[in-house]
Amino acid sequence: MTQNFDVIIIGAGVMGTSLAFHLSKRGLKPLLVEKNQVGFGATGSSSGLVRMHYDLKVESQLAWESFHYFKNWAEMVGGECGFRRTGFIHLEPAEQHHNLRANVEMQKGIGIKTEIITGADVKKLSPSFYTDDIEIAAYEPESGYADATLTANSFLTAAKKLGAVFMQDCEVIGSQISHGAVTGIRTSRGDFFAPIVINAAGAWAGKISEMFEYPIQLSTWTHDVLHIRRPANVEEHLTVIDMQRGLYFRPDTGNLTLVALTDDSRFGESPDAERHYVEKDFVERAIERVIGRVPALEQGSLHSTHVGRDSLTKDQRAIIGKAGPEGYYLVTGFSGTGFKISPAVGLCMSELIVDGEAKTIDVSGFDPKRFERGEILKGEFDYGFIWGNEPNA
Ligand SMILES: Cc1cc2nc3c(=O)[nH]c(=O)nc-3n(C[C@H](O)[C@H](O)[C@H](O)COP(=O)(O)OP(=O)(O)OC[C@H]3O[C@@H](n4cnc5c(N)ncnc54)[C@H](O)[C@@H]3O)c2cc1C
């Protein structure tokens with residue numbers, strides 16, 4: 001096998017596989033290396049929400065561009081991504097309603113199908129919900145969820161058809177740099193060469209970046225999730241982010257409902273710490289909160305729990321762009337919200353690499369060097385950090 005490529009991508013999550021797809025579409029020959037298998041990291045445990053509601057415009061733009069892929073997956077990528085339209089609402093406490101309205105206007109300006117609806121409207125959409133405490137909600141009729149592992153696998157299959165090479169069980173253990181420019185990687189399966197290396201190693205990206213002599217401040221976000229089997233009197237409901245009650249939930253296949261909390265994540269664990277067990281009391285807390293919103297779920301039964309971990313930055317926003325030695329790029333730090341923007345991130349990065357700038361959406365705000373300059377990314381009508389403040393950030 002040849003050891004020379006146009007570009008090497010480290011990590012086969014949704015980002016690495018999206019990059020492999022978009023770069024091979026642009027005529028480059030990428031090598032994608034993965035130390036385990038596709039979806040081993042955050043991707044394999046993602047809740048898969050697909051919505052456009054953000055308080056940072058560029059994230060809504062990336063989500064909207066990506067939405068066209070999720071909706072037209074077979075034509076635009078091939079294979080399946082498991083997208084299911086359920087409709088989506090985003091709820092905020094009363095003190096954020098001004099911002100909620102302003103963000104819906106900002107999103108409409110992008111072209112996103114969204115509107116403000118009332119609690120009575122929510123009740124019509126999901127009759128099992130308790131809505132007496134809902135004054136307004138941001139509503140996206142076309143949003144829903146998709147399957148992150150299927151998405152990554154479809155990206156990979158399409159990339160391979162276009163000439164990309166994939167090596168699993170291939171751990172990056174070092175870099176190759178000459179005269180200030182990247183020349184390749186050292187791995188558990190030998191050395192490979194390319195003038196461009198993209199670090200898409202998720203929670204492990206900090207370790208990789210040290211190998212490339214560009215240390216980054218990257219923490220981790222560990223997140224517990226459960227599935228409840230719905231009783232017959234609860235419909236296949238909306239997908240919901242409920243910041244009034246600190247949870248999100250969505251339907252899943254097999255009459256299940258996925259539930260997780262927004263204020264319950266753990267920060268700063270080792271990327272390699274075990275991921276087998278949810279925190280003590282998580283199940284009780286999550287069930288109590290979801291029953292507050294969907295009372296009839298009390299007659300449901302616990303189906304399963306799982307734990308996932310993503311990379312986390314100081315402003316809980318991605319790191320995308322060029323830094324360190326010539327030819328070195330970072331696509332990481334997705335802070336628990338990267339899945340839904342992965343198609344557009346791959347597209348914009350392919351433009352940055354091939355054309356010299358991201359033309360579809362300007363992603364320069366995600367510059368890896370912003371933290372060195374003491375800057376953080378914040379929306380104009382800011383809700384604050386979705387996952388709460390990291391104690392040591
Ligand atoms: C529980 C949970 C729920 C989430 N829910 C949502 C959601 O509802 N909606 C949403 O948009 N986002 C969600 N996210 C976030 C989203 O899933 C992630 O942002 C996204 O999957 C990150 O993808 P990635 O490719 O950057 O990283 P990862 O999927 O973590 O991939 C990185 C890969 O790099 C590999 N790697 C690491 N080190 C090396 C090495 N030395 N050599 C080779 N390979 C290496 C790893 O094995 C891994 O496979 C959630 C995340 C979690 C954990």
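Modeller: I begin with T222, which counts as buried because its relative accessibility is 1%, where buried means under 20% relative accessible area, exposed over 50% and partly exposed in between, with a 1.4 Å probe and the protein chains only. The model is predicted, so local features need pLDDT of at least 70 and side-chain atom pairs count only at pLDDT 80 or more, whereas totals for chains, interfaces and linings use all residues. Residues are numbered from 1 along each chain as its sequence is written, and side-chain values use heavy atoms, with hydrogens and water left out.

T222 belongs to strand β14; strands (E, at least two residues) and helices (H or I, at least four) are DSSP runs numbered from the N terminus. The side chain of T222 makes a polar contact of 2.8 Å with that of R309. Such a contact is a pair of N or O atoms within 3.5 Å; within protein, one must be able to donate a hydrogen and the other to accept it, and residues adjacent in sequence count only if both atoms are side-chain atoms.

At least two residues of the shell around the ligand come from each of α1 (14-25), β14 (219-229) and β19 (301-312). In total, 40 residues surround the ligand, and the closest are E34, T43, L49, D310 and K340; a residue is near a molecule if one of its heavy atoms lies within 4 Å of it. The shell divides into 19 nonpolar, 15 polar and six charged residues. In this scheme Ala, Val, Leu, Ile, Met, Phe, Trp, Tyr, Cys and Pro are nonpolar, Asp, Glu, Lys and Arg are charged, and the others, Gly among them, are polar.

The side chain of S46 has an N or O atom 3.0 Å from an oxygen atom of the ligand, while a polar backbone atom of V172 is 2.9 Å from a ligand nitrogen atom. At G338, a backbone N or O atom is 3.1 Å from an oxygen atom of the ligand. On its own the ligand has 1,000 Å² of accessible area, and the protein covers 98% of that area, as computed by the Shrake-Rupley method with a 1.4 Å probe.

E213 is in the loop between α7 (205-211) and β14, and E213 counts as exposed because its relative accessibility is 60%. Most residues other than glycine have a negative phi, but phi of E213 is positive, near 60 degrees. N255 too has a positive phi, of about 60 degrees, although it is not a glycine. N255 sits in the loop between β16 (247-252) and β17 (256-261), and it is exposed at 51% relative accessible area.

As for the whole, the protein chain has nine helices and 21 strands, and 58% of its 393 residues count as buried. Its C-alpha trace spans about 65 × 45 × 40 Å along the principal axes. The radius of gyration is 21 Å, which agrees with the value near 21 Å for a compact globule of 393 residues; this radius is taken over C-alpha atoms, and the globule rule is 2.2 Å times the number of residues to the power 0.38.
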